[in-house]
Amino acid sequence: MSLQEKFIELRRQIPRIEKEQHSEEVPYKFAKIDDVWRAITPTMNELGVNFDIVKEENASIKTMNMQRGGAMFLYESDLTIQWTNADNEDDTDTAQTHAIAWNDDPAKAKGSAWTYAIKYYLFEKFSIDMGETDPDMRGAPKQTAGNASQTLETGSGNKQQGQSQKPAQNGQKEAEKRPTSSQLHRLYRKAEDAGFTKEQTDGRINYLYQKTPETLTMPEYEDFCKRMDETAKELRNGGNKQ
């Protein structure tokens, strides 16, 4: 089998990974990198597929002085991953992923960054089903008899769902909204609690969304605020990561 054929077989055989709540301090469930390796290593061994980090580039560790005292270390680097077909060592595949994380210990910051980068790369590479719906996707309103749409007929004879257009329009308007000044103040306060200065916050937003804070959409704004809340909880827990 070629390496690409082995990838397909590996993807087919990967079992479902169930998220768990590993700590009372972190109120959401997640999968650890150990869970991923436990799921895929037996099949990798069976098929003869090797995984290696072959290059680390643009590595840096920056000191972030906390406004409430103390310091955190922000680690970043670009990792080059190589897959090798054990049956034909010339049959390889490479990919690059960006690693970033912070901790009050520089070594732990690097370890967390590598762990996160590899874990989410593997999630995407093998379409791993983690077994639980994303919390952000919950709570979508269900259609009931009271809000069921009526079928309308246009002048051309095409049928459209009358009321079904309103949620789409409302969603579009919501996506077009931008944060108000008070909401931006809230965002920076959350970032401060997470250990970021204003400049670091702006840089993080640019890295994640390729935007300035003022041009974020409301879904992006809420996503970033959620990230800051989770980071602040981790800092209160001693800087421990997932």
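Student: What places Asn58 in strand 1?

Tutor: Asn58 belongs to strand 1, which covers residues 49–65. Strands (E, at least two residues) and helices (H or I, at least four) are DSSP runs, numbered from the N terminus. This is a predicted model, in which local features need pLDDT of at least 70 and side-chain atom pairs count only at pLDDT 80 or more, while totals for chains, interfaces and linings use all residues. Residues are numbered from 1 along each chain as its sequence is written, and side-chain values use heavy atoms, with hydrogens and water left out.

Student: Why is Asn58 called exposed?

Tutor: Its relative accessible area is 61%. Exposed means over 50%, buried under 20%, and partly exposed in between (1.4 Å probe, protein chains only). Asn58, at 61%, is therefore exposed. Asn58 also has a positive phi of about 55°, although it is not a glycine.

Student: Why does Leu74 count as buried?

Tutor: Leu74, which lies in strand 2, has a relative accessibility of 12%. That value is under the 20% limit, so Leu74 is buried. Strand 2 is mostly covered, with 12 of its 15 residues buried.

Student: Which residues does Leu74 touch, not counting residues up to four places away in sequence?

Tutor: Leu74 is in contact (heavy atoms within 4.5 Å) with Ser60, Ile61, Lys62, Met64, Ile100, Ala101 and Trp102. The C-alpha atoms of Leu74 and Ser60 are 8.0 Å apart, although 14 residues separate the two along the chain.

Student: What makes strand 1 and strand 2 a pair?

Tutor: Two strands pair if DSSP finds at least two bridges between them. Strand 1 and strand 2 have 14 bridges, in the antiparallel sense, and therefore pair. Opposite Asp78 of strand 2 stands Glu57. Strand 2 also pairs with strand 3 (residues 88–103), over 13 antiparallel bridges; these two strands form a hairpin with two residues between them.

Student: How do you know that Asp78 has no salt bridge?

Tutor: A salt bridge requires a side-chain nitrogen of Lys or Arg within 4 Å of a carboxyl oxygen of Asp or Glu. For the charges, Lys and Arg count as positive and Asp and Glu as negative, with His and the chain ends not counted. The nearest side chain of opposite charge to the buried Asp78 is Lys55, 11 Å away.

Student: With which side chain does Asp78 make a polar contact?

Tutor: A polar contact is a pair of N or O atoms within 3.5 Å; within protein, one must be able to donate a hydrogen and the other to accept it, and residues adjacent in sequence count only if both atoms are side-chain atoms. The side chain of Asp78 has such a contact with that of Asn58, at 2.7 Å. Another polar contact, of 2.9 Å, joins the side chains of Asp78 and His98.

Student: What makes a nonpolar core?

Tutor: The term denotes a set of buried Ala, Val, Leu, Ile, Met, Phe, Trp, Tyr and Cys residues joined through side-chain atoms within 4.5 Å. The largest such core has 21 residues, of which Phe51, Trp83, Leu122, Phe126 and Ile128 touch the most other members. Helix 2 gives the largest share of this core, six residues. Apart from it lies another core of 18 residues, including Met72, Ile100, Trp102 and Leu187.
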